[in-house]
Amino acid sequence: MNSATTERQARRVKETRDRIVNAMRSFLVDAPSPDITVEDICARADVARMTFYNHFEDIREVQLELLSELLTYDFDRRERMSKEPSLLEKFVACNKIFWEERASWGNYDNNLLRIGMKEYF
């Protein structure tokens with residue numbers, strides 16, 4: 001494989017991951033809900049479920065990537081001291097409900113994000 005092919009593949013991988021993350025972001029902006037499914041994200045990102053799972057293990061991994069982006073963005077935004085709620089604040093509010101519901105499912109492996117999210121409540 002030559003470098004041009006490798007670069008094209010890397011660009012396609014990044015574009016696909018970005019479409020998936022942007023689909024999740026758009027759900028949070030348009031209609032925050034703890035009931036967002038992989039199918040919902042795939043439909044909005046225009047990718048197959050298998051493509052989703054080729055890039056992410058589950059919705060939590062997409063949420064973590066988005067959270068990382070939002071934290072970076074929010075720190076920059078906080079410096080400008082805007083009064084409107086940030087995308088991070090919307091994300092945290094939506095996910096508070098999501099994790100409260102998921103906690104009732106029993107032993108659901110969500111401790112990592114839950115620990116990180118508690119700082120905002």
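## I20 and its contacts

Let's start with I20, which touches I41, A45, V47, F52, H55, F56 and V62, leaving out residues up to four places away in sequence; contact here means heavy atoms within 4.5 Å. This is a predicted model, in which local features need pLDDT of at least 70 and side-chain atom pairs count only at pLDDT 80 or more, while totals for chains, interfaces and linings use all residues. Residues are numbered from 1 along each chain as its sequence is written, and side-chain values use heavy atoms, with hydrogens and water left out.

## The nonpolar core

I20 is also one of the residues with the most contacts inside the largest nonpolar core, together with M24, I41, F52, V62 and L66; this core has 23 residues. A nonpolar core is a set of buried Ala, Val, Leu, Ile, Met, Phe, Trp, Tyr and Cys residues joined through side-chain atoms within 4.5 Å. Buried means under 20% relative accessible area, exposed over 50%, and partly exposed in between, with a 1.4 Å probe and protein chains only.

Which elements give two or more residues to this core? They are α1 (3–30), α2, α4 (59–80) and α5 (87–103), and α1 gives the most, with six residues. Helices are DSSP runs of H or I with at least four residues, and strands are runs of E with at least two, numbered from the N terminus. As a general background, nonpolar side chains tend to be buried together in soluble globular proteins.

## Helix α2 and the residue after it

Helix α2 spans residues 38–45, and V38, I41, C42 and A45 are buried in it. Why do they sit on the same side of α2? They cover an arc of only 100° around the axis, where the arc is that of the directions from the helix axis to the C-beta atoms.

After α2 comes D46, in the loop between α2 and α3 (49–55). Phi of D46 is near 60°, a positive value in a residue other than glycine. D46 is exposed, with a relative accessible area of 63%.

I36 has its place in the loop between α1 and α2. Is I36 buried or exposed? With a relative accessible area of 7%, I36 is buried. Setting aside neighbours within four places in sequence, I36 is in contact with M24, F27, L28, I41 and I59. I36 and I59 are 23 residues apart in sequence, and their C-alpha atoms are 8.7 Å apart in space.

## Aromatic rings

How many aromatic pairs does a search of the whole structure find? It finds two. Rings of Phe, Tyr and Trp (its six-membered ring) pair if their centres lie within 6.5 Å; planes under 30 degrees apart count as stacked, over 60 as edge-to-face and the rest as tilted. F52 and Y53 form an edge-to-face pair, 5.1 Å centre to centre with 85° between the planes. F52 and F56 form a tilted pair, at 5.9 Å and 40°. These ring pairs link F52, Y53 and F56 into a cluster. Both F52 and F56 are buried, whereas Y53 is partly exposed at 36% relative accessibility.
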